[in-house]
Amino acid sequence: MAADPTAPSVAPDEAPSRLKAGNERFAQSKVSEGKPVAARRAETAKDQHPFAIIVGCADSRTAPEIIFDQNIGDLFVIRTAGNLVDDYALGSIEYAVDHLGTRLIVVLGHERCGAVTAALAGGSAPGHVNSLVRDIQPAVAASKGKEGDALTNAIHENDAEVADKIRKQAQLGELAPQIRIVEGYYDLDTGKVEWSAK
Ligand SMILES: [Zn+2]
């Protein structure tokens, strides 16, 4: 494991292929490498070097450790409904990059996202749900009129806008050129993650 906290936790090209291989195992229902956790717990008790930051939706069906077949210590996960990022999330990303050696950031939207569905319905929502709806509505507006399914388009657009916000607002200093930000779309039916070409 990297002794230098600013050194990458894994080679930059290795991180995406680990996630792809893990998602393949999950979708194919082959043996999970995400378990058992006892050995991993001992390995990671004093130190962590997660190889990917996942900005995912709070949706209970999209747990990154499970859908990427990873163990404790592998993923640095930030989840809110609609996979949005606020100051806390940006600070968490900066921390993982600066102190844990993480170089890959995945913005992970998913099929039939309830938060995006609410934003697509228009108007305002009660309580703090309105903050989610308000911040997803620009993606709804930007994807309006595009060919295909309105919800799917809005989910992809929201992922792109969140990725863009991270690119513009996360303060990654001299590590910024080493950071790769990719967008994924998780299919609830097949269990597969589709990756946006970047
Ligand atoms: Zn969702």
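Accessible areas here come from the Shrake-Rupley method with a 1.4 Å probe, and for residues only the protein chains shown count as cover. With that settled, I looked up the surface: the protein exposes about 10300 Å², and carbon and sulfur atoms supply 53% of that area.

**Ground rules.** I noted that this is a predicted model, in which local features need pLDDT of at least 70, side-chain atom pairs count only at pLDDT 80 or more, and totals for chains, interfaces and linings use all residues. Residues are numbered from 1 along each chain as its sequence is written, and side-chain values use heavy atoms, with hydrogens and water left out.

**Overall build.** I looked up the secondary structure next, taking helices (H or I, at least four residues) and strands (E, at least two) as DSSP runs numbered from the N terminus. The protein has seven helices and five strands. I wrote down their order from the N terminus as α-α-β-α-β-α-β-α-α-α-β-β.

For the dimensions, I found that the C-alpha trace spans about 50 × 40 × 35 Å along its principal axes. The radius of gyration is taken over C-alpha atoms, and the globule rule is 2.2 Å times the number of residues to the power 0.38. For 198 residues that rule puts a compact globule near 16 Å, and the protein's 17 Å agrees with it.

I then checked burial, where buried means under 20% relative accessible area, exposed means over 50%, and partly exposed lies in between (1.4 Å probe, protein chains only). Buried residues make up 44% of the 198. I also looked at contacts (heavy atoms within 4.5 Å). Of those between residues at least 6 apart in sequence, 71% join residues at least 24 apart.

Cys57 sits in the loop between strand E1 (52–56) and helix H3 (64–67), and Cys113 in the loop between strand E3 (104–110) and helix H5 (114–121), so the pair ties together parts that are 56 residues apart in sequence. I checked both cysteines for burial, and Cys57 and Cys113 are buried.

**Salt bridges.** I counted as a salt bridge a side-chain nitrogen of Lys or Arg within 4 Å of a carboxyl oxygen of Asp or Glu. The structure holds 11 of them, and I looked up a few.

- Arg18 and Glu14 meet at 3.0 Å, N to O. The two are four residues apart in helix H1 (residues 14–27), about one helical turn. Arg18 is partly exposed at 31%, and Glu14 is partly exposed at 35%.
- Glu111 pairs with Arg112, with the closest N and O atoms 3.2 Å apart. I noted Glu111 as buried at 13%, whereas Arg112 is partly exposed at 43%.
- Asp164 pairs with Lys168, with the closest N and O atoms 2.9 Å apart. Both lie in helix H7 (residues 150–169), four residues apart, about one turn of the helix. Asp164 is partly exposed at 30%, while Lys168 is exposed at 65%.
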